[in-house]
Amino acid sequence: MIEIAEYLPPTPTPLWTLAKQAGVDWAVGGLPFGEAFNGDDAPWDYLPLLRVQQRYADAGFKLAVLESRPPLNNAKRGLPGRDAEIATVCTLLENMGRLGIPVWCYEWMTDFNWLRTSTSTPSRGGSVVTSFDNALMQDAPPTEHGPISEDALWENLGYFLQRVLPVAEKAGVKLAMHPDDPPLSPIRGVGRIMRSVENFQRLLDMAPSPANGITLCQGNFTLMTDDLPGVIRHFGRQGKIFFVHFRDVRGTPDRFEETWHDDGKTDMLACLRAYRDIGFSGVLRPDHVPTVAGDSNENAGYSSFGRLYALGYIRGLREEVYAS
Ligand SMILES: [Mn+2]
């Protein structure tokens with residue numbers, strides 16, 4: 001059965017309690033950056049990771065996925081220093097293996113991560129969501145490092161996977177590639193490659209390995225296809241879905257807004273049926289949610305109260321799917 005998880009930052013927040021109260025037993029965690037207690041140890045070293053895992057365990061959560069990355073921009077850009085970054089990733093994967101943390105969610109967006117042009121778009125009943133309008137990005141300045149081509153990003157990704165996948169296989173840890181968000185290229189002159197179903201298939205084919213797979217972030221994949229359940233089956237049949245982000249949007253890659261989980265373009269029930277049909281047994285987390293009345297929009301997309309609604313909605317869908 002698909003398991004429901006919640007993204008819990010490594011330092012406990014009230015969301016830890018809310019998630020537990022909503023019936024969540026699985027954590028998607030982060031790396032313990034900046035904790036004084038770590039001393040000379042890096043966040044990806046054994047002891048800091050062990051203590052984070054124990055912190056989740058003490059609160060009643062099993063750590064299913066690490067969704068946090070050491071610095072990787074030199075690796076993505078193919079700049080000097082990339083081998084040191086790759087060595088850090090190998091250390092992380094080896095320690096995850098020692099601790100039995102099975103999945104690492106990473107991405108190949110260079111210079112900037114997920115991007116929105118608004119974090120205050122009105123949604124249902126005065127709730128607030130994030131949105132993206134590519135027309136507003138046309139005059140945006142280039143990034144510090146300047147343009148980079150899609151070909152260069154593919155080449156650098158190949159270099160990375162060639163070195164990292166054997167370590168992951170030996171450690172028993174799976175790499176789950178998250179899509180570029182938005183799934184659009186280029187932005188600010190920067191190429192973006194993880195933005196289509198075909199490109200994800202290319203990722204799988206370029207480095208055949210049981211450790212090479214996908215984070216199926218529905219909010220991005222649903223902008224790449226009119227048949228998301230079909231895409232889930234396509235990658236699921238290959239055994240390549242390692243982790244799921246469950247969320248929805250309305251619009252196109254050029255112009256979209258996030259939505260409540262029950263209010264977007266996607267047939268969410270059909271998606272959950274597809275995960276059941278492919279025998280997916282990993283974890284799914286709600287991903288971005290609207291900011292609702294009484295909650296803070298400080299960390300847009302990650303409001304606590306919105307997550308309660310999402311978790312309840314997903315549990316209801318799951319009950320239906322696995323009952324029939
Ligand atoms: Mn996502």
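Three bridges link strand β6 (residues 128–133) with β11, and the two strands run antiparallel. This comes from a predicted model.

- β6 and β11 belong to an open sheet of four strands. The order across the sheet is β5-β6-β11-β10, and the pairing is antiparallel.
- The edges are β5 (118–122) and β10 (249–252). Each of these edge strands pairs on one side only.
- Neighbouring strands are turned by 30° against each other on average, direction ignored.
- What holds strands together in a sheet? They pair through backbone hydrogen bonds, either parallel or antiparallel.

**β11 and its two neighbours**

- On one side, β11 (residues 255–258) pairs with β10. Four bridges join them, in the antiparallel sense.
- A hairpin connects β10 to β11. Two residues make the link.
- Look at single positions next. G251 stands opposite F256 of β11. R250 has E257 of β11 as its bridge partner.
- E257 in β11 is also the bridge partner of S131.

**The two faces of β11**

- In a regular strand, side chains alternate between the two faces of the sheet.
- Which residues of β11 lie on the covered face? They are F256 and E258.
- R255 and E257 lie on the uncovered face of β11.

**Helices α9 and α10**

- Helix α9 spans residues 268–277, and helix α10 spans residues 304–323. Their axes come within 10 Å.
- At what angle do the axes of α9 and α10 cross? They cross at roughly 50°.
- Angles under 35 degrees count as roughly parallel, and 65 to 115 as roughly perpendicular. The crossing is at roughly 50°, so α9 and α10 are oblique to each other.
- The crossing of α9 past α10 is right-handed.

**Where the helices meet**

- From α9, the contact residues are M268, L269, L272, R273 and R276.
- From α10, they are L317, R318, E320, V321 and Y322.
- How many residues of each class make up the contact of α9 with α10? Six are nonpolar, four are charged, and none are polar.

Notes:
Residues are numbered from 1 along each chain as its sequence is written. This is a predicted model: local features need pLDDT of at least 70, side-chain atom pairs count only at pLDDT 80 or more; totals for chains, interfaces and linings use all residues. Axes are lines fitted to C-alpha atoms, for helices over the stretch in contact, and angles run from 0 to 180 degrees between N-to-C directions. Angles under 35 degrees count as roughly parallel, over 145 as roughly antiparallel, 65 to 115 as roughly perpendicular and the rest as oblique. A crossing is left-handed if the near helix is turned anticlockwise from the far one by less than a right angle, and right-handed if clockwise. Two residues are in contact if their C-beta atoms, placed from the backbone, lie within 7 Å. Ala, Val, Leu, Ile, Met, Phe, Trp, Tyr, Cys and Pro count as nonpolar, Asp, Glu, Lys and Arg as charged, and the others, Gly among them, as polar. Two strands pair if DSSP finds at least two bridges between them. A residue is buried if 20 or more other C-beta atoms lie within 10 Å of its own, exposed if 12 or fewer, and partly exposed in between; C-beta atoms are placed from the backbone.
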